[in-house]
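Please consult the sequence and the model together while reading.

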Amino acid sequence: MSTTTLDFYWDLASLDEGKRLEAATGLISALCKFQSEKQRPAGTSQELAQTEEDLDRICAHDVSYAVKRLVKGLASPRDGARQGYSIALSELLSRIQCVSVKVVLDLLWKYTVATKSMKGSEQRDMRFGRIFGLMALLQSGIVSREGAATSVEMRKIVGELAAIGAKKSYLREIAYVTMASMVPMLGGFAGRDELITMFVGVGLDKGAIETPDELYLALQLRRQYPDYDWHSALPQWQGKHMFAEKNVSKLVGILCETSEENTALFSSWHPQLHIVWDEVFALYFDKARAKEVAHCQVMEFETLWETVVERGLFAAGASQFRRYWGFLLVERLLPYLSETTVPAMMSPNIVRALSDNISLAQKSALAKVSMRAAEKLVEICERNSKVGLAVLTHLLNQKSTIQAADGKQTSLRTMMASRIVAKLDGEAIVGYVKYLEDIFLQPGRTSGALEGVATAVSSDKSVERQRAWAIDQMVRVARFDQVSVSADVARSVVAFAVSHAAFVDPLASPPISGTTRDYCAAAVVSAVGDVGRGQGEAWATQAVAQ
């Protein structure tokens, strides 16, 4: 054993990240040099070590020792040991070509076994060590190396990760993230479909899918291998995709992490959003996946948001933990916010939750995250006048939900409206009304659900909803008492609503339905009095005649 390599192991467990990386770099360089100096018989191909005996015979002595020590050190209770040892192990396996997946798994199972005789902390160290070892193995890339892994090893890894996740809920997410990292590797195996079937049976509980972890793995598999027979593999899910509208009730329970039938599934709470939301946002906002969304008839994002976030995480009586997740999702949506997204963003429950938790006097985590979300929203409104007007009209229309509890608290209305109004002028208001008219006339073409989002063809219900929203927005703008709205703008709004309640507009595509005409008529009746107040007795007559 070379004394030059022994010095590196201590610093691999250092709390100082720089020291860990320096030790790992020095160790790997020395081990690669030793292995290159080991001569193999001329004319023979590189052997793969399948057992510990093979490891000692084929590899340099320092390399064999390093593989064993690094695997064993993964279960060390020292604070930085798992990070340092897993990095070194992953890099060593990627550089040394003579180690098979089988021998690494054998060592991992040997040195990270949790027994009943151990203390709870020792069992935890063993489980973490095993997961870190499997992560290092997969990240090294040797699973994809020719001849280094078989379907037997793949089954062993998946079975162990699923078992760890089932036994300890706090390890479930990292176990399934590790499992999901194997998904792209399946295509390199001759029995690809058999391995996918194994993933569905073991990792997805035969397609039942009850947790966000299982949903994340299923989405990864579904995206990577669309040609697989998913209809048969997931019999409990309807439609061409798990995010088809028929499955929305299932998705609410999974994404809100609630279950009336099996409460033990979600017995622990975590302050960060589950990684499945990364895949959800990628599904809807990655333009490269537009064909997938259209072909699989995925539900509109607004439908998912309304059911999961508005009526789920922000439902009346929802716990502070659920609302905390809701505010994190509001923050995640903000970069994609457009004026047509505002109805979902500024829905009654979300506005109420923002108002209830925005007080600067409160120092709770919920108050801080809600204030942060509101601040980011206002910054977007200040940069984009159309978004600002859309937010302002919804904000002022929900007076009962945004009042401060007392004079000492910061009002959501005061904080947001004053800053948004400061950026508005007459030109911005005229432009916004013109934009709303365009949405009303051609909703499918003008108002792609979200900025950058991939959407299918709008349904009749969606078209009617967008037109109703456009009329509502125009009427609210005309009613503004926060900013100066010219009489011409107010008259044009009423005239537009009247004409589309009574006449056929050839520019409208698709044609305006009877339901939308009735909605326009009702909007005119409710708006004329308020809009015309103070503008003269003949104002309403002139507006209608126009």
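Which residues in helix 4 meet which residues in helix 6? In this predicted model, the helix 4 side of the contact consists of V67, K68, V71 and K72, and these meet L107, L108 and Y111 of helix 6. By class, this contact has five nonpolar and two charged residues, with no polar ones.

Two packed helices are described by the angle between their axes and the distance between the axes. The axes of helix 4 and helix 6 lie 9 Å apart, at an angle of about 45°. Angles under 35 degrees count as roughly parallel and those of 65 to 115 as roughly perpendicular; helix 4 and helix 6 are therefore oblique to each other. Their crossing is right-handed.

| Helix | Residues |
|---|---|
| Helix 4 | 61–73 |
| Helix 6 | 101–111 |
| Helix 17 | 320–333 |
| Helix 18 | 342–345 |
| Helix 26 | 487–502 |

Between helix 17 and helix 18 runs a loop that contains L337. Is L337 buried or exposed? Its relative accessibility is 5%, so L337 counts as buried, the cut-off being under 20%. The C-alpha atoms of L337 and V387 are 7.8 Å apart in space, although 50 residues separate the two in sequence.

Helix 26 has 16 residues, which at 1.5 Å a residue should span 22 Å; the end C-alpha atoms are 23 Å apart, so the two values agree. Buried residues of helix 26 include V489, A490, R491, V493, V494, A495, F496, A497, V498 and H500.

Methods. Residues numbered from 1 in each chain as written. Predicted model: local features only at pLDDT ≥ 70, side-chain atom pairs only at ≥ 80, totals over all residues. Heavy atoms only, no water. Helix = DSSP H or I, 4+ residues; strand = E, 2+ residues; numbered from the N terminus. Expected span 1.5 Å × (residues − 1). Buried < 20%, exposed > 50% of the residue type's maximum accessible area, 1.4 Å probe, protein only. Axes fitted to C-alpha atoms, helices over the stretch in contact; angles between N-to-C directions. Parallel < 35°, antiparallel > 145°, perpendicular 65-115°, else oblique. Left-handed = near helix turned anticlockwise from the far one by under 90°. Contact = heavy atoms within 4.5 Å. Nonpolar A, V, L, I, M, F, W, Y, C, P; charged D, E, K, R; others polar.
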